[in-house]
Every structure is written in C-alpha cells, then in structure tokens.
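These are my notebook entries on one structure. I set down what I looked up, entry by entry.

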Amino acid sequence: MAFTLPELPYDFAALEPVIDAKTMEIHHDKHHATYVDNLNKALADYPEWAAKSLEDIVAHIDEVPEAVRTAVRNNGGGHYNHSLFWQMMTPDAKQEGATVERIEKEFGSFDAFRKEFAAAATGRFGSGWAWLVLDGDKLAVVSTSNQDNPLMEGKKPLLGLDVWEHAYYLKYQNKRADYIQEFFKVINWEFVDQLLAEA
Ligand code: MN
C-alpha cells in the first residue's frame, strides 16, 4: 500500500489572511505531494518498510536501510510533518484547552511560551521547523532542521510550524518573524490536545 497525499481539512483560502490561498495550494498540492511521491519511490524496493506506519518509520529512522535512509528521512519526514501541520491549523482557532492550560503552568504564561516558540522559529537558520513537544513528561520548545521530526529524537510533537521559505515567502517575503506571529491566530488547539492525550 503506497503512501498517499491526505486531503486538506479546509479549502485553500480558509486560513486567509494569515496564510494566502496560493501558498496553501502550492504547499499542499506540489511540495507535500512531492514528499509523498519520493517516499514511495525510496521504499519501492523495501516492502517491509513501506508496510509500516509513517509514524513508525519516522520514529525508527536510524533502522531504515542505509541506501535509502536519507531519502526516507527527508521525504518521510516531509510527509509526516505536513500531514500534522495541516491539522494543526484551523480557521476556527480558539486559544483554550488542556495544552494551553499546561503551557501556562509550565512556561509561566502563554506569552512566555509564545516568545520561546517564536525565538526557536526565527532562530532556525535555513529550512526547518519549530515545535512544541512532550519531552518525557514535560513540555518543551525545540526546532529541527530540514524535514526532521522530534520523534527522531524520542520527543512527541504536539505543535509544529514550517519555517521553510516555501511556507511563507509569497506573502511575507523576508519577514519570517511576521509569519510566525500571525501563525498563532490559526492554531488548532483542539487537535494539539488530541496529540497530547495520545502521548
Ligand atoms: Mn513545507
């Protein structure tokens, strides 16, 4: 069973004006689709790996056959990260729930968390992601390069922000910091709470 591109849970324009429709269309239909295609190509000769769940592959990336490990890391990571990312956003964002309450406790305030997350997203040099993760039994902010996912380091991703230029350049150009601040308006905390509950 080949990996497939998941449908967006909303239409391309749903997150306007935070994320413009054209960016969503290219990001989902071209970038994400390419990760899926290349993951399928990389695993074409490794049916035992192709049969695993995406999460399982990402969590055990160091055990993937060396000949395709880098391709699987980049494209499997890309497929997994984006599959989560679309669900981590919503046009009906409400900043409330179990994770928000834990954030207030563990970071001291929501604003303290926001600053730490924004610093991780701004400070990631080149392409990558900023994350809120569960590290053991504590919340933490981390960033990863390229399409790496916190699961590759044994941490459970709860919220991720794509800071590759393809994610924001059409609308924000060089102003990555503005994109990061706007992102907080479309976070799907209900979905984040589901991830926290599963952890
Ligand atoms: Mn992306």
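Predicted model: local features only at pLDDT ≥ 70, side-chain atom pairs only at ≥ 80, totals over all residues.

**Entry 1: the sheet**

Residues are numbered from 1 along each chain as its sequence is written, and side-chain values use heavy atoms, with hydrogens and water left out.

I then looked up the strand pairing: S1 and S2 are joined by eight bridges in the antiparallel sense. Two strands pair if DSSP finds at least two bridges between them. Strands (E, at least two residues) and helices (H or I, at least four) are DSSP runs, numbered from the N terminus. In general, strands of a sheet pair through backbone hydrogen bonds, either parallel or antiparallel.

Which order do the three strands take in the open sheet? I read the order as S2-S1-S3, with antiparallel pairing. Strand S2 (138-145) and S3 are the edge strands, each pairing on one side only. From one strand to the next, the twist averages 25 degrees.

**Entry 2: helices on the sheet**

I recorded that H4 lies across S1 and S3, at about 85 degrees to S3. H5 lies across S1 and S2, at about 95 degrees to S2. Axes are lines fitted to C-alpha atoms, for helices over the stretch in contact (heavy atoms within 4.5 Å), and angles run from 0 to 180 degrees between N-to-C directions.

**Entry 3: H1 against H4**

I found H1 and H4 packed at an angle of about 145 degrees, with axes 8 Å apart. Residues of H1 that meet H4 include Met24, His27 and Leu39, and those on the H4 side include Val68, His82 and Trp86. By class, this contact has ten nonpolar, twelve polar and no charged residues. Here Ala, Val, Leu, Ile, Met, Phe, Trp, Tyr, Cys and Pro count as nonpolar, Asp, Glu, Lys and Arg as charged, and the others, Gly among them, as polar.

**Entry 4: the manganese ion**

Which residues coordinate the manganese ion? I listed His27 (NE2), His82 (NE2), Asp162 (OD) and His166 (NE2), at 1.9 to 2.1 Å. His27 lies in helix H1 (residues 21-42) and His82 in helix H4 (residues 66-87), so the pair ties together parts 55 residues apart in sequence. Donors are N, O and S atoms within 2.8 Å of the metal (3.2 Å for Na, K and Ca); water is not among the atoms, so sites may look incomplete.

Are His27 and His82 buried or exposed? I found His27 buried at 2% relative accessibility, and His82 buried at 0%. Buried means under 20% relative accessible area, exposed over 50%, and partly exposed in between (1.4 Å probe, protein chains only).
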